[in-house]
Amino acid sequence: MIRVNNLRKSFGEDDKRITVLEDFNAHMEKGQITSIIGGSGSGKSTILKLLIGAYRPDSGEIWIDGEEVSQLKDEAISRVRKKFGTMFQTGALFNSLTVEDNVALPMREHTNLNEGTILIMVKMKLEMVGLRGAEHLKPAQLSGGMIKRIALARAIALDPKIVFYDEPSAGLDPISIGVIDKLIIDLSKKMGITSVVVTHEIPSAMRISDKIIMLFKGEIIAEGTPEEIRKSDDPRVIQFIEGSPDGPIPFSKSLTDYGDELKEMSRV
Ligand code: ADP
Ligand code: MG
């Protein structure tokens with residue numbers, strides 16, 4: 001369903017330029033859940049933004065559902081975007097809108113469905129995330145976990161082939177994480193949705209994924225089923241899975257490794 005070839009992406013000008021992805025290659029199979037895991041700053045969100053067309057790569061190819069999308073113009077990008085839903089950390093719900101209006105938004109924007117049909121479809125989407133009856137609440141009246149589920153209902157509003165998730169369980173308690181995990185699995189299996197999940201929640205990635213891609217500083221250091229990742233004898237992978245501060249991956253970034261990034265941070 002998705003294939004990226006030799007993707008390169010850097011940010012900034014001239015001597016301040018940082019290369020986040022050098023030569024990134026990956027593929028995500030139809031109907032499967034692929035998780036991209038890695039520490040903060042390893043390039044996970046950058047990959048998602050490239051895939052949804054929010055960023056353009058410096059070079060390389062992005063194939064989605066049989067089409068090379070990396071150089072498409074705005075109009076064509078919005079056509080391709082209708083094939084997928086996104087559940088991103090930012091771009092959460094509109095606080096001034098009810099749950100119903102939030103979930104209906106993509107349908108009102110991108111379809112010619114009449115209002116009655118839209119409201120029925122909103123009910124169906126809410127049913128799928130276990131929140132039927134929440135139609136008239138506002139986001140402020142919902143828990144963090146419920147907000148994520150509404151965001152998920154909105155992500156699937158247009159029956160997408162692909163759903164991209166950026167840190168779907170960030171900031172949630174373990175039970176809510178379990179609920180979101182189960183929903184991602186259900187949607188993937190029942191609706192045949194191809195799912196790409198970016199997360200640093202290793203246990204969650206281990207539970208839900210058909211395939212895991214582990215990133216370190218923009219490079220893939222491991223790739224395979226959760227079982228294969230668990231069996232890896234690469235010390236970096238082991239350290240990551242165990243969440244240990246001691247090992248080949250520095251706990252605190254050293255100046256020599258991340259000079260520019262630190263300078264960048266100290267300016268802020
Ligand atoms: P992750 O999601 O794994 O935490 P990101 O993809 O957000 O990592 O970021 C990877 C690196 O790219 C970081 O060093 C970050 O500062 C840099 N970066 C990401 N987006 C931008 C941007 N729009 N402009 C400049 N630097 C960026
Ligand atoms: Mg991120």
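Q: Hi! Which strand is Thr-86 found in?
A: Thr-86 is part of strand E6, which covers residues 84-87. Keep in mind that this is a predicted model.

Q: Is Thr-86 buried, partly exposed or exposed?
A: Thr-86 counts as partly exposed, because its relative accessible area is 34%, and that class lies between 20% and 50%.

Q: What is Thr-86 in contact with, leaving aside its neighbours within four places in sequence?
A: With those neighbours set aside, Thr-86 is in contact with Ile-52, Ala-155 and Phe-164.

Q: And how many Å separate the C-alpha atoms of Thr-86 and Arg-132?
A: They are separated by 21 Å, and the two residues are 46 residues apart along the chain.

Q: Switching to the ligand: how many residues surround ligand 1, and which are the closest?
A: There are 13 residues around ligand 1, and the closest are Gly-41, Gly-43, Lys-44, Ser-45 and Thr-46. By class, four of the shell residues are nonpolar, seven are polar and two are charged.

Q: Which polar side-chain atoms lie by an oxygen or a nitrogen atom of ligand 1?
A: Thr-46 has a polar side-chain atom 2.6 Å from an oxygen atom of ligand 1. For Tyr-55, a polar side-chain atom lies 3.1 Å from a nitrogen atom of ligand 1. There is also a backbone case: a polar backbone atom of Gly-43 is 3.0 Å from an oxygen atom of the ligand.

Q: How much of ligand 1 does the protein bury?
A: The protein buries 66% of the 560 Å² that ligand 1 exposes when taken alone.

Q: Which elements give two or more residues to that shell?
A: Those are strand E2 (18-28) and helix H1 (44-51). H1 supplies the largest share, three residues.

Q: New topic: what's in the largest nonpolar core?
A: That core has 33 residues, and those with the most contacts inside it include Val-103, Leu-126 and Ile-184. Among the elements giving it two or more residues are helix H3 (99-110), helix H4 (115-128) and helix H6 (174-191). Another core of 30 residues lies apart from it, with Leu-21, Leu-48, Ile-77 and Ile-213 among its members.

Q: Where is Lys-211 found, and is it buried or exposed?
A: Lys-211 sits in strand E9, residues 211-216. Lys-211 is buried, because its relative accessible area is 12%, and the cut-off for buried is under 20%.

Q: So what is Lys-211 in contact with, leaving aside its neighbours within four places in sequence?
A: Lys-211 is then in contact with His-27, Ile-33, Thr-34, Ser-35, Glu-223 and Gly-224. Ile-33 is also in contact with Ile-184.

Conventions:
Residues numbered from 1 in each chain as written. Chains lettered and ligands numbered in written order. Predicted model: local features only at pLDDT ≥ 70, side-chain atom pairs only at ≥ 80, totals over all residues. Heavy atoms only, no water. Near = heavy atom within 4 Å. Polar contact = N/O pair within 3.5 Å; in protein donor to acceptor, adjacent residues only side chain to side chain. Areas by Shrake-Rupley, 256 points an atom, 1.4 Å probe, with all protein chains shown as cover. Helix = DSSP H or I, 4+ residues; strand = E, 2+ residues; numbered from the N terminus. Nonpolar A, V, L, I, M, F, W, Y, C, P; charged D, E, K, R; others polar. Buried < 20%, exposed > 50% of the residue type's maximum accessible area, 1.4 Å probe, protein only. Contact = heavy atoms within 4.5 Å. Core = buried A, V, L, I, M, F, W, Y, C linked by side-chain atoms within 4.5 Å.
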